[in-house]
Structures are given as C-alpha cells and as structure tokens.
Amino acid sequence: MSNVLTSLFSLLLATNQPAAASNLVEQSTGLSIAAIEAKDPVGQQLRQLMREDDDARAEIDKWIRDSQSFEEKGAGFPQATLNLRIQERLAEVQQKYEAFIDVHPDHAAPRIAYGSFLSEIGEEAQGAEQWEKARELDPNNPAVWNNLANYYGHRSPVKKSFEYYAKAIELDPKEPVYVWNFATTVYLFRKDAMEFYGISETEVFDKALGLYRKALELDPENFILHSDYAQSFYGTKPPRYDEGLKAWEAAFEHARDDIEREGVLIHFARCKIHLGQLEDAEKHLGSITNKMYRDLKERLTRKLESSRNPSVQPSDK
C-alpha cells in the first residue's frame, strides 16, 4: 500500500464511518482549473488531469454515500472492500500526478495541484514539500504562498504563516480567501500574533477583526464568511455582544435558506440575552421551529429564564 494513502486508509479503519472519508475527499484542489492557462499545451494537459482528480473524488464520494445508504438498509459494502476501492482509485490519480511532474519538473502549477491532493488525503508534509518546490519555481504565485501558510498554521511554526499570508495578499490583494485565512489564523493563534507583531491581545483581536472586515469588502455576499466574522466577537475579552449582534444582523441578510436564517436567530437571541434585551430574545427563540436547533433553543431558553430569575442556574455562557 502506498504511503501516500496510508493516512486515509487508517482514517477509515479507525472511524469505521464512511462520512469521515467523504468529508476528506470533498476538499478543494487549491488551484482553480479556470486559473490554468488554457492556451498553453502544458496547461491544457493539467486542466484535464485536475478534472480527472475531481471525477475521482466524485466517484469515491458516490461509493461512500451508496455504502451508507445500503448500510441503513442492512446491506452495506464490507468496510475492507470499500477501503480497497478508495485506495486503488486514489492511487490512479497519484500516479498520474507523479508522471506529469516527471515530464514537466519545472512547472509550478502541477506541483500546487499535487500538493493539494496529497494534503487532502492526509499526507500534509509531502504536500507541503510539493508547494515549497512550486514556490521556488514560481515565487509570484499567490496560491502557493496561501497553501503553505495554511500548512504552517496547522503544523507550525505558526509565525511563518503570518508572513506567507501577507505575501499571498501582496501578490493578489483582491482574493478574499487569503485575507479570510489570515484573519482566522491571527484570531486563533493570539499568543503567536502578540509575539510576532509586538502588540497586546486586544490589539490582536482588533487586527483579526479588521482582516475579517477586509475579506467581507472583497466578498460581501458570503454567508459563511459573515458568520465566521460574527462568531469571532464571542471570543474577545470581554465578549463584544453589541458588535457581534450587528455582525449577525448583516449575516442574516445573506442567509441562503430557512435553516441558515434560523441559525442566525439563535445568535440574535444569545446576544440579546447578554445585552439585557430579553423580550426581543424571547421573540427570536419563539421563531425557531427547526428540530436541528432544539437543544440550542432549550439551552438559551433556560439562559433567558435565569436572566429573569437569578436563582435559576444558567446553562449557556
């Protein structure tokens, strides 16, 4: 069995949950097919290879979903059989990437795509090696700086990720994903950011929130980005519920369906309870009917009652 596929195989055995692998193989390649130069013969070949990569992921995802469906009916595929099929299918893609790079060793784009493939099947270190080679070949490619920043943000040294995100943004200041990733990393790794930038924790929060706002300027319709930004106000010290509420109100405007809208109502209620706007909070909770929010609604209802009656112990911070 290829070392590149070991981690995915281990994941399947350890979890015994096809959904875990499904989530793993649905990741983005990290390099858009549309971004590859179509007129360049090498680019044309790479575009085709990346399409085959996407097709393989879709095929694997279908196998996993079919297995789940059959399992619910009492006739699922044996886990070992499913694992082997996934290994073999991914091995085909891996071999094609390696063969392509052997023929075109001085091209950065295939290494970026292959690095993403490796990272997405759990071989993050090997993926980073491909990205580092791509960076040497094409230091002006912002995608590779972003990918490496993601890697160092997860694996360390985190401070290196700050430099790499900044470089990616310098090369492509209009790409919201780079700014979004930068914001999230600064927010999560506050101690590293304090040391790297020589600023206080409060200033780190301000820097992260400023980056989120910059990302929203570049991608104002993105509900997930709005939600990520709004969620960040809970973690500041102290929590900034008033600013968070405004951010959730903006997110509500971009919710794409009733599930997302009711999810935002949960946050409306949470913020307003902490702000003492108890009647409004009660109305928001009363508007939530989806069963998936039942537990959260019950917790916040208890929190609301404890705010009205201090003798009742709250269950939500």
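**Exercise 1. Find the salt-bridge partner of Glu120 in this predicted model, and state which parts of the chain the pair joins.**

Solution. 
Step 1. The side chain of Glu120 meets that of Arg57 in a salt bridge, with 2.3 Å from N to O.
Step 2. Glu120 belongs to helix α5 (residues 108-120) and Arg57 to helix α3, so the bridge ties together parts that lie 63 residues apart in sequence.
Step 3. Glu120 is buried, and so is Arg57.
Step 4. Through shared partners, salt bridges join Asp53, Asp54, Arg57 and Glu120 into one network.
Step 5. Arg57 and Asp53 are four residues apart in helix α3, so about one helical turn separates them. Asp53 is buried, as is Arg57.

**Exercise 2. Locate Glu52 and Lys96, and decide whether each is buried, partly exposed or exposed.**

Solution. 
Step 1. The structure holds 20 salt bridges. In one of them the side chains of Glu52 and Lys96 meet at 2.8 Å, N to O.
Step 2. Glu52 is in helix α3 (residues 41-72) and Lys96 in helix α4 (residues 79-103), so the pair ties together parts 44 residues apart in sequence.
Step 3. Buried means under 20% relative accessible area and exposed means over 50%. Glu52, at 24%, therefore counts as partly exposed. Lys96, at 41%, is partly exposed.

**Exercise 3. Describe the largest nonpolar core and the surroundings of Val186.**

Solution. 
Step 1. The largest nonpolar core has 60 residues, and Val186 and Trp248 have the most contacts inside it.
Step 2. Helix α11 (residues 201-218) gives the most to this core, with eight residues.
Step 3. Leaving aside neighbours within four places in sequence, Val186 is in contact with Phe162, Ala193, Val204, Lys207, Ala208 and Leu211.
Step 4. Another core, of 20 residues, lies apart from it; Leu82, Val93, Phe100 and Ile121 are among its members.

**Exercise 4. Check the span of helix α8 and name the helices its buried residues pack against.**

Solution. 
Step 1. Helix α8 (residues 158-171) has 14 residues.
Step 2. From its first C-alpha to its last, α8 reaches 20 Å, close to the 20 Å expected at 1.5 Å a residue.
Step 3. The buried residues of α8 are Val158, Ser161, Phe162, Tyr164, Tyr165, Ala168 and Ile169.
Step 4. These buried residues pack against α6 (124-137), α7 (142-155), α9 (176-188), α10 (190-197) and α11.

**Exercise 5. Classify the ring pair of Tyr234 and Tyr241, then list other ring arrangements.**

Solution. 
Step 1. The structure holds 15 aromatic pairs. The ring centres of Tyr234 and Tyr241 are 6.2 Å apart and the planes stand at 55 degrees, so this pair is tilted.
Step 2. Tyr234 and Tyr241 are both buried.
Step 3. Ring pairs also link Trp145, Tyr151, Tyr152 and Tyr164 into a cluster.
Step 4. Two rings have a charged residue over the face: Arg85 lies 4.0 Å from the ring centre of Trp63, and Lys207 lies 4.5 Å from that of Tyr197.

Terms used. Residues are numbered from 1 along each chain as its sequence is written. This is a predicted model: local features need pLDDT of at least 70, side-chain atom pairs count only at pLDDT 80 or more; totals for chains, interfaces and linings use all residues. Side-chain values use heavy atoms; hydrogens and water are left out. Rings of Phe, Tyr and Trp (its six-membered ring) pair if their centres lie within 6.5 Å; planes under 30 degrees apart count as stacked, over 60 as edge-to-face and the rest as tilted. Buried means under 20% relative accessible area, exposed over 50%, partly exposed in between (1.4 Å probe, protein chains only). A charge sits over a ring if NZ of Lys or CZ of Arg is within 6 Å of the ring centre and within 35 degrees of the ring normal. A nonpolar core is a set of buried Ala, Val, Leu, Ile, Met, Phe, Trp, Tyr and Cys residues joined through side-chain atoms within 4.5 Å. Helices (H or I, at least four residues) and strands (E, at least two) are DSSP runs, numbered from the N terminus. Contact means heavy atoms within 4.5 Å. The expected span of a helix is 1.5 Å times one less than its number of residues. A salt bridge is a side-chain nitrogen of Lys or Arg within 4 Å of a carboxyl oxygen of Asp or Glu.
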